[in-house]
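Try each task before you read its solution.

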Amino acid sequence: MPIPSRNLGKCFDAAAAPDKVAIVELRDPATPRAITYRELDEKCNAVARGLLKRGYKRGDRIGILSLNRLEYLYAYFGTMRAGLVSVPISFKLGAEIVRHISDDAQLKAVFHDTDRIPVCPPGVARIGYDDGGFDALLDPGAFDTVEPEPRELAMLLYTSGSTGMPKGVLLSHDSQRWSMETAAKLYGERSHHRYIVGAPMFHMNATISVKGALASGASIVFLPAFDAKVYARAIQDHRVTWLTSVPTMLALVAKEKALLSTLDFSSVTNVTMGSAPLTQALIDKIQALFPKALINNSYGTTEAGPAPFGIHPNGIPRPSLACGYPVPGSEAELREGPNADEGVLYMRSPMMMEGYNNLPEKTGAVLKDGWYRSGDIFRRDKDGFFYFVGRADDMFVVGGENVWPGEVERLLERMPGVHQACVVPVPDDIKGAIPFAFVVASPGANPTEAEIKQFALANGPAYAHPRFVAFRNEIPLAATNKPDRKKLIAEAEGLSKGKRPTL
């Protein structure tokens with residue numbers, strides 16, 4: 001389906017099927033709110049008109065600080081339609097970091113829900129969804145969407161800030177539009193699909209899922225935040241056909257054995273998991289849950305685009321753990337490794353960011369001659385498929401040997417009785433660092449620490465086996481629904497302190 005405007009705020013054609021349901025919002029699953037493409041278009045226009053009526057100028061940055069909801073989408077698209085820059089902000093951040101983002105982005109206003117009032121940045125105009133402020137802003141009527149200049153900014157997404165303060169990634173209308181058009185060429189007609197989005201809209205995973213689904217004329221089931229039981233029930237109740245997710249989200253769904261036995265997932269034909277490492281064990285569990293589904297291991301970055309890999313040009317089936325083959329018009333190289341098929345992933349395509357906001361040195365460190373250095377370690381097979389190995393930042397050295405947490409996690413999840421694993425380093429006087437494994441047991445299973453260690457020793461390199469194992473009901477998630485490694489590292493250091501590793 002053609003995208004009617006170069007402006008991301010009008011990435012969907014409301015006139016093509018004005019009375020079709022565009023969004024089903026599940027803030028209250030018992031009473032879902034559904035809106036048509038016509039209604040979505042009208043509300044986005046009303047936001048754009050209202051913002052300009054209040055005097056905001058082209059290029060002004062407008063924040064959005066809330067859980068997912070219909071008003072979030074109105075604000076997100078309406079802001080961009082008006083030629084302003086949308087700045088989604090994590091709803092899990094504290095006031096200090098939100099204020100840093102506000103100052104760094106020079107926000108002129110912020111849309112927010114009630115629960116975020118205490119962390120709204122001082123001195124910035126607030127537009128509340130629930131206190132009448134949002135309704136007062138709306139100015140219904142026709143609107144001529146602002147057509148952006150080449151590489152003009154559309155949005156500013158802040159990275160999760162796993163090291164230091166979050167960095168603002170400058171993203172243009174052109175970069176995201178190119179990504180959507182490329183996906184449309186690769187995957188064809190998708191208007192018959194019903195997607196589910198439970199990831200937060202401040203993260204690329206959700207923003208591209210929403211824009212791509214709407215651009216294709218599909219419908220979206222929209223969750224305020226991820227909840228495994230709500231997500232699973234919604235798949236059945238709304239006959240979802242296409243799941244969008246982070247792997248850890250579906251790992252949590254797969255744990256709900258009692259609930260899953262009562263649900264019908266026969267509508268699901270596609271499952272996309274991205275933004276975090278994926279294991280074969282999880283793929284097998286998800287395939288068993290959704291036997292008719294094609295499972296897609298997706299990879300992307302905020303800086304270099306959401307989908308640099310896709311299908312093979314020669315029609316070669318994608319291996320289950322592969323991220324894919326570079327999409328037409330994009331380039332990928334592996335550098336800094338032992339050969340051309342192993343190393344750090346570098347990418348170049350029209351999806352590139354314009355740089356980091358107010359950080360020219362950090363921009364220069366990762367962008368050169370149009371190439372982006374991802375910091376992710378990949379390997380490439382003989383057919384040209386790329387496989388994610390791990391984050392360069394996550395790798396740690398054990399007695400001179402490089403240990404990739406993702407590789408150890410994939411090994412442990414092969415063990416019967418282990419549902420999920422997350423491996424982090426803890427300091428060691430002799431080895432420098434040693435692996436610490438947090439493990440979620442499969443329902444009804446009761447593996448022991450000794451059994452897990454023995455399995456790792458029997459099936460992998462001795463230096464990579466976990467010296468400590470702690471069992472958890474679930475792996476804590478960061479705001480982006482990825483494992484919260486920073487929190488787990490701190491917890492592991494506390495648990496291991498003063499204790500001698502065994503085996």
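**Exercise 1. Find out how covered helix 2 is, and describe its dimensions.**

Step 1. Count the buried residues: helix 2 is mostly covered, with 12 of its 12 residues buried. Buried means under 20% relative accessible area, exposed means over 50%, and partly exposed lies in between (1.4 Å probe, protein chains only). Among the buried residues are L70, Y72, F77 and R81.

Step 2. Before going on, note the ground rules. This is a predicted model, in which local features need pLDDT of at least 70 and side-chain atom pairs count only at pLDDT 80 or more, while totals for chains, interfaces and linings use all residues. Residues are numbered from 1 along each chain as its sequence is written, and side-chain values use heavy atoms, with hydrogens and water left out. Helices (H or I, at least four residues) and strands (E, at least two) are DSSP runs, numbered from the N terminus.

Step 3. Check the span: helix 2 covers residues 70-81 and reaches 17 Å from its first C-alpha to its last, close to the 16 Å expected. The expected span is 1.5 Å times one less than the number of residues.

Step 4. Look just past the end of helix 2, where G83 takes a positive phi of about 85 degrees.

**Exercise 2. Describe how helix 1 packs against helix 2.**

Step 1. Recall that two packed helices are described by the angle between their axes and the distance between the axes.

Step 2. Apply this to helix 1 (residues 37-53) and helix 2: their axes come within 7 Å and cross at roughly 55 degrees. Axes are lines fitted to C-alpha atoms, for helices over the stretch in contact, and angles run from 0 to 180 degrees between N-to-C directions.

Step 3. Classify the angle: helix 1 and helix 2 are therefore oblique to each other. Angles under 35 degrees count as roughly parallel, over 145 as roughly antiparallel, 65 to 115 as roughly perpendicular, and the rest as oblique.

Step 4. List the contacts (heavy atoms within 4.5 Å). Helix 1 contributes residues including L40, C44, V47 and L51, and helix 2 contributes residues including L73, Y74, F77 and R81.

**Exercise 3. Give the strand order of the open sheet with 7 strands, and say which strands stand at its edges.**

Step 1. Read the order, 2-1-10-9-11-12-13, with mixed pairing. Two strands pair if DSSP finds at least two bridges between them.

Step 2. Find the edges: strand 2 (33-36) and strand 13 (294-297) each have a single partner strand, so one side of each is left without a neighbour in the sheet. The twist averages 15 degrees from one strand to the next.

Step 3. Zoom in on strand 1 (residues 21-25), which runs antiparallel to strand 2 and is joined to it by 4 bridges. Here E25 stands opposite R33.

**Exercise 4. Identify the pairing partners of strand 17.**

Step 1. Take strand 16 (residues 331-339), which pairs with strand 17 in the antiparallel sense over 6 bridges. The two form a hairpin with 2 residues between them, and E331 has R348 as its bridge partner.

Step 2. Turn to strand 20 (residues 371-380), which pairs with strand 17 in the antiparallel sense over 5 bridges. G343 stands opposite F378.

Step 3. Check burial: 5 of the 7 residues of strand 17 (residues 342-348) are buried, so strand 17 is largely enclosed by the rest of the structure.
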